[in-house]
Amino acid sequence: MEQATGATVTTIHVYPAKGEPGQELSTVEVGSGGLHGDRPKKAAVMVLSADDTTGARANLVVTMPPEELSAAVGGVLRVGTVVLEVTGPAGSCPGVYAAVRRPGTVSVGDPAVVGEADDMDDESGHAADVSSGTGEPA
C-alpha cells in the first residue's frame, strides 16, 4: 500500500567524475544502472531528505522527513515514472541507497511516494525482473 505524503523531488544531481562537483539537473533519464550521466558507485541512486542536506552527494533530494525515508528501506520509492527499490541506509551518510526497479524519467517537482515491496509490479501488473536489471516483466 502506498503512503501519500505530498513529498516531491526538489533537487537532481549527477556526479560524472569522482571528487568533482556534481551537476544540477531539472530532468534526468534513469536507467537500470542509475541516472544518465552519473558515474557508477556503491548503489544506482542515493536519495536524501531535504531536511538533512549535510553535504552528502545525493542524486535525488526529496521533501520527505528523514525518518520516513529511512523507514522505506525494504520497500519502494516512486519518483516521476521511476520505481526505486530502497535497499538500505547510505552508510555513514544520511539518506538511503536504491536500485532501479523500473527505469524512466524524474523531474524536479515530481511526486515522491513510498510504497511496500508488493508495489514493485510494473504498470501492466506483471512482476518486474530484478535479476536482469532491466525492469522488464518476468
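**Contacts along the chain**

I looked up contacts, meaning heavy atoms within 4.5 Å. Residues 24 or more positions apart account for 52% of the contacts in the chain with a separation of 6 or more. I note that this is a predicted model, where local features need pLDDT of at least 70 and side-chain atom pairs count only at pLDDT 80 or more, while totals for chains, interfaces and linings use all residues. Residues are numbered from 1 along each chain as its sequence is written, and side-chain values use heavy atoms, with hydrogens and water left out.

**Confidence**

I checked pLDDT, the predictor's confidence in each residue, from 0 to 100. The chain averages 84, and 80% of the residues score at least 70. Over residues 122–138 pLDDT stays under 50. The model has 27 contacts beyond four places in sequence for that stretch. Where pLDDT is low, the predicted coordinates should not be read in detail.

**Helix and strands**

I found one helix and eleven strands in the chain. Both are DSSP runs numbered from the N terminus: H or I of at least four residues for helices, E of at least two for strands. Along the sequence the pattern is β-β-β-β-β-β-α-β-β-β-β-β.

**Pairing**

I count two strands as paired if DSSP finds at least two bridges between them. An open sheet of three strands runs in the order β4-β3-β10, with antiparallel pairing. Its edge strands, β4 (34–35) and β10 (104–107), each pair on one side only. Strand β3 (residues 27–31) is joined to β4 by two bridges, and Gly 31 stands opposite Gly 34.

Next I followed β7 (residues 76–79) into β8 (residues 82–89), an antiparallel pair with four bridges. Val 79 stands opposite Val 82. The hairpin has two residues between the strands, and Gly 80 takes a positive phi near 60°.

β8 also pairs with β9 (residues 96–102), in the antiparallel sense and over six bridges. Here Pro 89 faces Val 96. This hairpin has six residues between its strands, and Gly 91 in the turn has a positive phi of about 55°.

**Salt bridge**

I searched for a side-chain nitrogen of Lys or Arg within 4 Å of a carboxyl oxygen of Asp or Glu. The whole structure has one such salt bridge. It joins the side chains of Asp 38 and Lys 41 at 2.2 Å, N to O. Are the two partners buried or exposed? Asp 38 counts as buried because its relative accessibility is 14%, and Lys 41 is partly exposed at 31%. Buried means under 20% relative accessible area, exposed over 50%, and partly exposed in between, with a 1.4 Å probe and protein chains only.

**Nonpolar cores**

Of the 138 residues, 44% count as buried. I took a nonpolar core as a set of buried Ala, Val, Leu, Ile, Met, Phe, Trp, Tyr and Cys residues joined through side-chain atoms within 4.5 Å. The largest core has 26 residues, and those with the most contacts inside it include Val 45, Leu 60, Val 79 and Leu 84. Among the elements giving two or more residues to this core are β1 (9–14), β5 (45–49) and β11 (112–115). Another core, of eight residues, lies apart from it and includes Ala 56, Val 61, Ala 90 and Tyr 97.

I then listed the neighbours of Val 45, leaving out residues up to four places away in sequence. Among them are Gly 34, Leu 60, Leu 84 and Val 100. In soluble globular proteins, nonpolar side chains tend to be buried together.
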